2 protein chains.
Amino acid sequence: MRIGRSEERLQASLAVITRLLAKHHVLEALTHRQEGARRDLLEDLQHRQNLAELHARCRTMHPADLAFILETLPPDQRELVWTQVPTDRKGAVLVEVSEGVRQTLVDSTPHEALRDALRPLAVDDLAYLEGVIPPEVWSEVSSGLDAGTQTFLREAAAFPEDSVGHLMSEVPPTLRETSTVNDAIAALRAESALDDHTTRLYVLDGRGVLRGVVALTQLVTSDGMQPIGTVMSTDVVAFAPEDAATNAVKAFERYDLTAAPVIDDRGRLIGQLTVDTVIDQLRAEASRSALEQAGLRGDEDLFAPVLDSARNRWPWLLVNLGTAFVASRVIGAFEHTIAQLVALAALMPIVASVGGNTGNQTVALVIRGLALDQIQGTNVRYFARKELQVSLLNGLLWGGVIGIVAVAFYGSASLGLVMAAAVLLNLLIAAVVGTSVPLMLHRVGRDPAQGSSVLLTFITDSMGFFLFLGLAHLFLV
Amino acid sequence: MRIGRSEERLQASLAVITRLLAKHHVLEALTHRQEGARRDLLEDLQHRQNLAELHARCRTMHPADLAFILETLPPDQRELVWTQVPTDRKGAVLVEVSEGVRQTLVDSTPHEALRDALRPLAVDDLAYLEGVIPPEVWSEVSSGLDAGTQTFLREAAAFPEDSVGHLMSEVPPTLRETSTVNDAIAALRAESALDDHTTRLYVLDGRGVLRGVVALTQLVTSDGMQPIGTVMSTDVVAFAPEDAATNAVKAFERYDLTAAPVIDDRGRLIGQLTVDTVIDQLRAEASRSALEQAGLRGDEDLFAPVLDSARNRWPWLLVNLGTAFVASRVIGAFEHTIAQLVALAALMPIVASVGGNTGNQTVALVIRGLALDQIQGTNVRYFARKELQVSLLNGLLWGGVIGIVAVAFYGSASLGLVMAAAVLLNLLIAAVVGTSVPLMLHRVGRDPAQGSSVLLTFITDSMGFFLFLGLAHLFLV
């Protein structure tokens with residue numbers, strides 16, 4: 001019953017499945033070697049036993065744990081385990097598995113089986129999967145649902161992927177202001193079970209307009225004779241279906257929500273957003289942004305085929321190559337200077353590197369500030385001034401240190417001075433660029449986490465080379 | 001009642017406060033200019049009106065919104081607004097505000113006022129703030145609580161900061177297996193209000209050992225005559241207080257939890273973990289890791305004093321300088337070669353840069369894989385082989401492209417060949433290092449997000465210079 005045990009159980013399952021797969025692998029290899037010869041009967045038997053044991057394991061595990069294990073397996077083994085997952089559990093596993101892996105699993109499942117796998121799913125899980133299901137399977141599955149649910153699904157699917165409308169789920173049974181607390185509980189008891197994530201019930205008027213919200217905690221602590229209208233809360237944070245999911249996540253964090261109503265522009269309740277969806281969204285955002293900052297697609301599967309993985313990296317590589325060539329041309333313009341004083345070639349990467357490092361720290365602060373809405377039109381100037389002062393301070397201090405080290409190595413005071421000046425200037429440029437690049441990307445509606453760092457490094461590299469070699473050209477040779 | 005409106009209201013409040021602060025600023029400046037002269041009576045009056053309006057605004061805003069506004073303000077204005085926040089709301093604001101800002105607000109509040117500010121807080125909020133409250137204020141505040149709560153607070157505070165025990169809150173009223181659903185509801189009605197984040201109630205035996213869990217949804221849908229023992233669920237994910245908060249967050253995600261019991265090693269219930277805490281933890285982890293990857297302290301305040309900000313960047317700058325100097329010495333060793341063919345100086349940063357770029361993509365994949373537990377002992381070798389193949393493919397392709405461009409610029413086929421070979425080799429090194437560095441850091445118990453990128457760039461830079469200049473030395477001059 002402890003999480004410790006739950007984690008241990010997961011690890012144990014993983015170990016068993018790995019062992020079964022290893023046995024399977026050895027048998028396959030043996031069979032392969034005896035190609036042409038007849039398969040040994042005994043081997044064949046053991047083979048089947050292995051698969052039966054795998055199948056049994058897959059039947060008892062929590063779908064989230066199965067999803068986890070599938071994600072850790074390389075494609076061929078993943079495929080093998082997936083075929084052993086019972087059809088009625090495949091739907092739940094598809095919901096839990098990460099985006100990149102989900103598509104490969106769907107692609108490798110015959111339409112017939114996929115249809116059966118989706119049948120047992122709850123409506124919001126179905127809606128969640130809609131994007132990856134082949135249209136003909138989707139229409140077959142959805143035609144089996146009742147009319148109201150079909151409408152809900154169609155409406156939810158019509159909203160863009162990162163909107164509240166796309167993520168909302170169906171509302172639990174609604175209440176009227178005039179009924180009493182006891183009436184409400186009696187009505188709930190007559191209904192089927194409530195979804196586990198229900199934390200509040202919604203109070204509607206005759207036209208379906210949201211009047212207020214009753215938390216389950218209020219329902220079980222209030223006097224039974226009280227009318228719902230006096231128990232409900234009317235100070236409610238609600239969302240429009242068009243609202244961006246990111247903003248909804250922030251509102252859940254800020255106001256500590258566990259569920260919130262989604263209403264249309266006439267105030268009618270059309271769905272709700274629950275905290276489990278919000279947590280998934282928050283995690284997805286965090287992990288996507290980390291990959292995208294490195295120039296990868298946010299949903300890259302760890303074990304995607306080599307060619308797909310290689311291609312996924314091309315756009316960024318190309319951008320990087322382009323900027324590196326420009327920086328190289330800056331150096332090329334000073335070849336004459338370098339030929340006269342080769343020490344410059346060894347020292348110039350230091351100037352570029354220190355600038356890039358400092359600038360990227362500023363970029364990280366600005367990106368976080370923008371993500372948390374802490375950077376506003378009102379305080380940008382203050383922040384930029386502060387970053388400039390930090391760079392001035394660090395430039396004087398560390399520029400000086402670098403200059404002294406350069407003198408120690410090359411015995412030239414003027415080389416040390418040029419080095420120190422170039423570092424100081426490049427740090428100031430890094431502060432300005434590190435502040436303005438993410439802000440500009442943000443202003444034109446792009447994600448500052450993508451691209452800020454390349455653009456910054458490009459400028460600090462080129463300027464680092466230019467400043468150092470330019471100053472050297474003026475004062476040293 | 002819409003989030004749209006809520007966001008607008010927040011922006012409107014921010015605008016009003018900014019306007020008031022601007023007026024205040026102008027008045028201060030005027031007063032300053034007339035130094036020595038007497039302050040104009042009218043100005044003085046307007047001054048006071050401003051502050052009164054500010055005070056009124058601060059009284060009606062949601063504490064989370066106030067916290068948000070305080071975070072966006074530079075220190076002097078933040079100070080001014082903070083003094084205008086009514087004392088009885090200051091506690092709630094402290095809970096909501098980010099770590100860096102919280103300490104500055106606490107430091108600027110007199111002990112007397114701080115004590116009064118903390119009085120109205122709930123116990124788990126108090127526990128959350130304990131680390132930043134001066135000890136003498138803390139002992140005064142906690143002595144006002146009842147004995148059981150004092151014990152809970154002492155115990156929770158004794159657990160390390162990123163453990164479940166530190167984050168847990170007090171449990172809601174508990175149930176017995178033998179009482180009926182109706183009894184349970186009657187007992188809840190007799191108690192005071194339930195905390196808003198209660199989603200499940202805990203069933204204990206006579207010794208306080210957890211027997212099961214009843215969701216509020218089950219309580220309101222089950223037949224009133226049924227005993228709790230038959231309604232409760234016994235398949236419960238529970239935590240030990242020593243469990244790492246990160247693992248608890250993952251369990252909440254994986255099993256879609258809204259609350260979970262915390263039990264000691266004898267199975268006795270000692271607290272619960274609720275989803276609002278988990279969301280805060282998840283967001284804090286994400287935002288901390290983004291800053292720490294850039295070598296900043298995770299809680300850096302956007303508007304920290306210049307000297308503090310500058311110092312916050314020194315460790316990373318120093319590491320960066322050290323690695324840059326080593327790379328510079330690698331180039332220094334080939335000064336003789338460069339002197340003979342200055343084009344090398346212009347081309348060498350390209351080799352280093354492409355290696356760093358590719359390696360950092362691998363690092364990002366490994367860090368995410370480790371964070372989500374997708375990389376396991378069983379699949380590391382598969383992943384490493386895949387990354388090597390990707391690098392081989394991209395090295396052949398892009399190394400070739402780079403070689404051709406080099407030939408186009410410098411008209412030397414052998415220079416192009418050396419360039420292509422160096423790029424290919426450096427990409428292979430980047431794949432190996434990009435996979436192994438974060439894995440090694442992870443294995444020795446360090447956070448791979450911190451340091452992986454510097455170490456990698458260090459190696460790809462040095463090796464890039466070494467491979468290119470070394471090959472050039474062998475084959476070109």
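**Exercise 1.** Find where the salt bridge between the side chains of B:E387 and A:R313 lies, and decide whether its partners are buried or exposed.

*Solution.* The side chains of B:E387 and A:R313 meet in a salt bridge at 2.6 Å, N to O, the term standing for a side-chain nitrogen of Lys or Arg within 4 Å of a carboxyl oxygen of Asp or Glu. The pair crosses between chains, from B:E387 in helix α21 (residues 380-410) of chain B to A:R313 in the loop between α17 (306-312) and α18 (314-332) of chain A. Helices (H or I, at least four residues) and strands (E, at least two) are DSSP runs, numbered from the N terminus. Both B:E387 and A:R313 are buried, where buried is under 20% relative accessible area, exposed over 50% and partly exposed in between (1.4 Å probe, protein chains only).

This is a predicted model, in which local features need pLDDT of at least 70 and side-chain atom pairs count only at pLDDT 80 or more, while totals for chains, interfaces and linings use all residues. Residues are numbered from 1 along each chain as its sequence is written, chains are lettered from A and ligands numbered from 1 in the order in which they are written, and side-chain values use heavy atoms, without hydrogens and water.

**Exercise 2.** Describe the salt bridge of B:E253 with A:R283.

*Solution.* The side chains of these residues meet at 2.8 Å, N to O. This pair, too, crosses between chains, from B:E253 in helix α15 (residues 245-255) of chain B to A:R283 in helix α16 (residues 275-293) of chain A. B:E253 counts as buried because its relative accessible area is 14%, and A:R283 because its value is 15%.
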